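Hello,

Here is the structure I promised to hand over. Please have a look, then read my notes below.

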Amino acid sequence: IHHITHNGGLYKRPFNEAFEETPMLVAVLTYVGYGVLTLFGYLRDFLRQWKIEKCHHASEREEQKDFVPLYQDFENFYTRNLYMRIRDSWNRAICSVPGAKVDMLERLSHDYNWTFAYTGRVIKDVINMGSYNYLGFAQNTGICKEAAAKVLTQYGAGVCSTRQEMGNLDKHEELEKLVARFLGVEAAMTYGMGFSTNSMNIPALVGKGCLILSDELNHASLVLGARLSGATIRIFKHNNMQSLEKLLKDAIVHGQPRTRRPWKKILILVEGIYSMEGSIVRLPEVVALKKKYKSYLYLDEAHSIGALGLTGRGVVEYFGLNPEDVDVMMGTFTKSFGAAGGYIGGKKELIDYLRTHSHSAVYATSLSPPVMEQILISMKCIMGEDGTTFGKDCVQRLAENTRYFRRRLKEMGFIIYGNEDSPVVPLMLYMPAKIGAFGREMLKRNIGVVVVGFPATPIIESRARFCVSAAHTKEILDTVLKELDEVGDLLQLKYSRHRLVPLLDRPFDETTYEETED
Amino acid sequence: TAAAPRSAAGNRRRAGWERRARQRGDRFGAAEGRRAQASKMNVGVAHSEVNPNTRVMNSRGMWLTYALGVGMLHIVLLSIPFFSVPVAWTLTNVIHNLGMYVFLHAVKGTPFETPDQGKARLLTHWEQLDYGVQFTSSRKFFTISPIILYFLASFYTKYDPAHFILNTASLLSVLIPKLPQLHGVRIFGINKY
């Protein structure tokens, strides 16, 4: 089913997003799986308590047994009985640059993942499907590395100061001008850490008496920034414009909770690409709503900058919108630029205000020079200003890889979430045992994947998340797809019945309970 | 796809329970849920749900799994040759109610760490459901299902007095904790900490 344009004319291209519903049999078996694991967990806890089985995890000394416990035993139930069993799929040690391929240290466990022993062997050339390496800049050779090494000898490794004190280098000014030019905004400001860009700047923009409307699946940095600001926060259903409009209407009609005064500011927090779902925000509709209800828009393009759009300018270019419509364009350099740090772009008044009022500008160390050089070179490369078409090729290759990978996976019969154009591809696993099995089988076949389960995702939506990169050649993708085919048949992961649910009926429970306001 | 429509009377009723629950001590405050949820730092999770336990019973297929589980239990009991049909039904009823009591009304807190700094640590799963909002569909379902089992058990035991006493006691043990008035109540301090 192709849902091409709703709100006729707002979308200049087809918006194909699908979240196939969990098949009922799979859901039932998933619950049975968690039920069996819970019962066995209780049994093992009983055995451990009565010393029939050796207890591996930390426990209090005998003398301390009568004290009030520091932690509640039960909160650790999941970790010791479920997570420990499949713990070898996470925190794997790598020993090379995580580009398209990576070297991993082999490790074994002789006591069911309570402790690990490194065998000393290095698993070479594991295909890396987990790094956010969208444009392939995660490498230790090439022009970026040469330039960064030169700047390292010239400027040193760190600035050891905040932007407002001694940490404002000429490179910072150069970088900010370039970022502003790249995004198509008036001015930009850069920060040392992507997470802190959100958490330190949202409090500078909104405060008490303001309203924040934040998407259900927003990242922890946005949630923390919103909390630190002291504003009232309301959550709308993921990417659901009816929910957002209802909240906007209610906010404007009813005003602040007790006093009914109008809100000082309404700020809508959305992300460009949501990294766990692979969905792209419905930016044209959000912008239309923002204009209609006169609120502000804060767009976090951590995953979409460099990855979407014809020239890699992000989700605004992808939808063909005007960058001036987005009031605060935030992004990070961690994903597509192979560096670290974040930026905020917008009108000159806004950026001047942030230079004085942002917590990060006053207290946090600014970007380090070699990192800035990496960003400068990679950004110039993407824009084509280094004289080659390397950047443009990367962006194009990423788009092709994304489409190819998603199409082949769908044809094979896996359930894939998200938008057709998003390089983040969540492949649904559902059952807890399959999470561990999938990670291990893929490693046996020399492919490294990221798997994620409850409680990080809803209970019946455990998934493996692939990040397609421009550094992946077609051969690499074909290898991965071939292995996925085999593993999919082995573990019976091909659940798709090719019955796409219409976009508005996302399969989460509709009734969620709101607080009653005082 | 708006939030569930709420009648004004229902709102007042809910506000009443929550106000009383709040008066009984903020630990059991029901209005904390969504507001608290909005301001938590959910590290390492893909959603902004503070306590996933509140939504587990609403997820797709949970009610079906539960019904199938009860059915499975009954079939296993029926297959044991020593038990007559009335005994099997009474046993199904009693074991089901015992399991429900233990998992919904005795075990407190969450089996995983939540970012709400332990607000739900002293709450049983029943009290955590939907952040303490009463009369939601899950709560209604899990209140009605032991009653249906009770009707079936009474019928199949032919209203025998001994079975009746056992079944009724078992039903009461699982119905009384579900009353909204007993939200957060610990009689004689049993199971308080």
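**Surface patches**

Chain B carries a nonpolar surface patch of about 760 Å², made by Leu78(B), Val85(B), Ile144(B), Ile148(B), Leu152(B), Phe155(B), Tyr156(B) and Tyr159(B). Please keep in mind that this is a predicted model. Helix α7 of chain B, residues 137–156, gives the largest share of the nonpolar patch: five residues. Phe155(B) is found in that helix, α7 of chain B.

Chain A has a patch of another kind. Lys208(A), Arg258(A), Lys264(A) and Lys265(A) gather on the surface in a patch of positive charge. Lys208(A) is in the loop between α5 (194–205) and β5 (211–215) of chain A. Is Lys208(A) buried or exposed? Lys208(A) counts as exposed, because its relative accessibility is 69% and the cut-off for exposed is over 50%.

**Chain B as a whole**

Chain B has eight helices and zero strands. Read from the N terminus, its elements run α-α-α-α-α-α-α-α. Chain B has 193 residues, and 49% of them count as buried. The accessible surface of chain B is about 9600 Å². Carbon and sulfur atoms account for 70% of that surface. Now the contacts. Take those in chain B between residues at least 6 apart in sequence: 67% of them join residues at least 24 apart.

**Two buried residues in chain A**

Start with Val326(A). This residue lies in the loop between α9 (315–318) and β9 (328–332) of chain A. Val326(A) has a relative accessible area of 4%, so it falls under the 20% cut-off and is buried. Which residues does Val326(A) contact, leaving aside neighbours within four places in sequence? They are Leu297(A), Leu299(A) and Val316(A). Tyr296(A) is 30 residues from Val326(A) in sequence. In space, the two are 7.7 Å apart, C-alpha to C-alpha.

Next, Thr197(A). This one sits in helix α5 of chain A. Its relative accessible area is 0%, so Thr197(A) is buried. What does Thr197(A) touch, not counting residues up to four places away in sequence? The list is Tyr191(A), Tyr298(A), Met330(A), Gly342(A), Tyr343(A) and Ile344(A).

Best wishes

Terms used
Residues are numbered from 1 along each chain as its sequence is written. Chains are lettered from A and ligands numbered from 1 in the order in which they are written. This is a predicted model: local features need pLDDT of at least 70, side-chain atom pairs count only at pLDDT 80 or more; totals for chains, interfaces and linings use all residues. Side-chain values use heavy atoms; hydrogens and water are left out. Patches are made of residues with over 30% relative accessible area and no salt bridge: like charges are joined within 9 Å, nonpolar side chains (Val, Leu, Ile, Met, Phe, Trp, Tyr) within 5 Å. Accessible areas come from the Shrake-Rupley method with a 1.4 Å probe; for residues, only the protein chains shown count as cover. A salt bridge is a side-chain nitrogen of Lys or Arg within 4 Å of a carboxyl oxygen of Asp or Glu. Helices (H or I, at least four residues) and strands (E, at least two) are DSSP runs, numbered from the N terminus. Lys and Arg count as positive and Asp and Glu as negative; His and the chain ends are not counted. The place of a charge is taken as NZ of Lys, CZ of Arg, CG of Asp or CD of Glu. Buried means under 20% relative accessible area, exposed over 50%, partly exposed in between (1.4 Å probe, protein chains only). Contact means heavy atoms within 4.5 Å.
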